[in-house]
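Here's a quick briefing to read with the structure open beside you. Take it one topic at a time and find each residue as you go.

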Amino acid sequence: MENCQIFIDAEYLLQSLKWLCGKSKEKIVKKEDFKWQNFVSHILNGRKSEKLFYYTARLDEKENKATFDMQTKFLKNIETQLSAYNIKMRLGHMIKIKIKTQKTWREQREKRDFTPSYTWGQKGIDTKIILDMAKAAFENEGNLSVILVSGDEDFSDVLKLLKEKGVRTQLITFSRNDSKLSNILKNTVDECKEFDYQDCLKNNFL
């Protein structure tokens, strides 16, 4: 039986739930609605999970204790749900990023308020994903497949490396209203599956 390593870009997946394409959308999809066990079982499709890597960034507890505690509870719940799949949590951290869009500048100019606007962004996640995938490529002794759950074109090169090393590659993405899957990323892998809202309902992910 083919062994499989799964790499989940959590920010991509959770953001996708907010923007899922699909007609007759019944409700706003929250991250708590997502059934992780059903999702992982479906994408494995009978294969054995050698390792499952879950990548996310943590907010510093000192920044917001309530949010930190909520995230801790959410991550522990995922670990419990996916314990049978040999889950490995890979944690980055959150950083403040100055917003520099044209819209922001226009609003500041109109209000004569040039106080910097900030949002939160992840730091260190893509590097961790690429390193772990590269490690899988060089440790591969045959009969291994890799599943990447992401829509980030930056992973194209490491996916090519995996294929060169004889690893079968599969990409899992979601059909989103706010963005379109890169053809460069899609054409890099052996197989690509894209789920929309109706697919998620049909496969009991929601």
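**A quick tour**

Of the 206 residues in this chain, 41% are buried. Keep in mind that this is a predicted model. Let's start with the overall build, then look at the rings.

**The whole chain**
- Among contacts with a separation of 6 or more, 69% join residues 24 or more positions apart.

**Aromatic pairs**
- The structure has 11 aromatic pairs.
- Take Tyr12 and Phe174: their ring centres are 6.3 Å apart and their planes meet at 45°, so this pair counts as tilted.
- Those two partners come from distant parts of the chain, since Tyr12 sits in helix 1 (residues 10-18) and Phe174 in strand 6 (residues 168-174), 162 residues apart.
- Both are buried: Tyr12 has a relative accessible area of 12%, and Phe174 has 3%.
- Phe53 and Tyr55 make a stacked pair, with 6.2 Å between centres and 25° between planes.
- Phe53 is buried at 4% relative accessible area, and Tyr55 is buried too, at 0%.

**A ring cluster**
- Ring pairs tie Tyr12, Phe34, Trp36, Phe39, Tyr54, Phe174, Phe195 and Phe205 together into a cluster.

**Charges over rings**
- Lys31 lies over the face of Phe74, 4.5 Å from the ring centre.
- Arg58 lies over the face of Phe68, at 4.2 Å from the ring centre.

Methods: Residues numbered from 1 in each chain as written. Predicted model: local features only at pLDDT ≥ 70, side-chain atom pairs only at ≥ 80, totals over all residues. Heavy atoms only, no water. Buried < 20%, exposed > 50% of the residue type's maximum accessible area, 1.4 Å probe, protein only. Contact = heavy atoms within 4.5 Å. Phe/Tyr/Trp six-rings, centres within 6.5 Å; stacked < 30°, edge-to-face > 60°. Helix = DSSP H or I, 4+ residues; strand = E, 2+ residues; numbered from the N terminus. Lys NZ or Arg CZ within 6 Å of the ring centre and 35° of its normal.
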